[in-house]
Amino acid sequence: SAFWNCTSLTSITIPDSVTSIGEYTFFNCNSLTNITIPESVTSIGKRAFSGCTGLTSVTIPDGITSIGEYTFCDCSGLTNITIPDSVTSIGDRAFSGCTGLTSITIPNSVTSIGKSAFSSCISLTSIEIPNSVTSIGDSAFSYCTSLTSITVDKNNPVYHSAGNCLIATESKTLIQGCGTSVIPADGSVIRINSSAFGECPSLTSIVIPDSVWEIGSSAFGGCPSLATITIGANVNSIGDYAFIWCQSLTSINYGGTIAQWNAISKGSDWNTNAGSYTVHCTDGDIKK
């Protein structure tokens, strides 16, 4: 916390004698525009630069092996950052709320990406996961509203991508989708994770194939342009608030009967604040 809340600090030179930047060192130094971390630094503490809204670029030295929790959280002015090949882990919420970040290159040295690591990076348009990443935390890329492309290296042993969807291969779970996603119907997806499509403003329609069994809570929450949904007959669980705040929703095409629909919807709040819509079942319609 050495420079905690020094809101008038515009620049600083860190000498080569420094080997560690502690927790909260530059927390909320919102006038700091750029910083060069010398090669001598081998560790950066939690929230070291969190809330530095004026920071536009950062150079991380090769000696850093991990980017800790909340390190650059809410650095809204950050447009680009270079992560060196020495980094093996990106901590929880490390770049969460970096609303100006348009692109990020995750090097092939990184093995883990923490919870909500890039959540609410609303200017981020694409994600590329290298083959080294074997652990991705919950909501790592949630609420990235401009996301249009999701790709995973074909040699990754744990995850893969298809139809601009990030998928955990063994569990067959769709972790993250975007406005251009097409959920594969080949059986590689059986569940849609919580908030997988949360706050995706460009999503206008989605087909959930027969291979899917489960739709997680808030899976499509806050998709204001989502007007039509097709849900396969094998879905047996719809989580709470799955389609909350989908104000444009007019039509749900369901592959099962009215009785089946009533059983899986269970009268829960999964559709709270959705528009007026009709559920088209195989034996009739239900107006909501």
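This is a predicted model: local features need pLDDT of at least 70, side-chain atom pairs count only at pLDDT 80 or more; totals for chains, interfaces and linings use all residues.

Mentor: Residues are numbered from 1 along each chain as its sequence is written, and side-chain values use heavy atoms, with hydrogens and water left out.

Trainee: What makes Cys 98 buried?

Mentor: Buried means under 20% relative accessible area; exposed means over 50%, and partly exposed lies in between (1.4 Å probe, protein chains only). Cys 98 has 0%, so it is buried. Cys 200 has 6%, so it counts as buried too.

Trainee: Is Ser 195 buried or exposed?

Mentor: Its relative accessibility is 13%, so Ser 195 counts as buried. Ser 195 lies in the loop between strands S15 (191–192) and S16 (205–208). Strands are DSSP runs of E with at least two residues, helices are runs of H or I with at least four, and both are numbered from the N terminus.

Trainee: Which residues does Ser 195 touch?

Mentor: Leave out residues up to four places away in sequence. Then Ser 195 touches Tyr 143, Ser 217, Ser 218 and Ala 219. Contact means heavy atoms within 4.5 Å.

Trainee: Why is Thr 250 called partly exposed?

Mentor: The relative accessible area of Thr 250 is 44%, so it falls in the partly exposed class. Thr 250 sits in the loop between S19 and S20. Beyond four places in sequence, its contacts are Ala 227, Thr 228, Ser 276, Tyr 277 and Thr 278.

Trainee: How do you know that the buried residues of H1 line one face?

Mentor: Helix H1 spans residues 258–265, and its buried residues are Trp 261, Ile 264 and Ser 265. Seen down the axis of H1, they fall within an arc of 95°, so they line one face of the helix. The arc is taken over the directions from the helix axis to the C-beta atoms. Those buried residues pack against strands S18, S19, S20, S21 and S22.

Trainee: What makes S12 and S13 a pair?

Mentor: Two strands pair if DSSP finds at least two bridges between them. S12 (159–162) and S13 have 4, and run antiparallel. Tyr 159 stands opposite Ala 168 in S13. The two strands form a hairpin with 2 residues between them, and Gly 163 in the turn has a positive phi of about 55°.

Trainee: How do you know that both faces of S13 are covered?

Mentor: In S13 (165–168), Cys 165 and Ile 167 are buried on one side, and Leu 166 and Ala 168 on the other.

Trainee: Why are S2 and S6 called edge strands?

Mentor: The open sheet has 3 strands in the order S2-S4-S6, with parallel pairing. S2 (34–36) and S6 (80–82) each have a single partner strand, so one side of each is left without a neighbour in the sheet.
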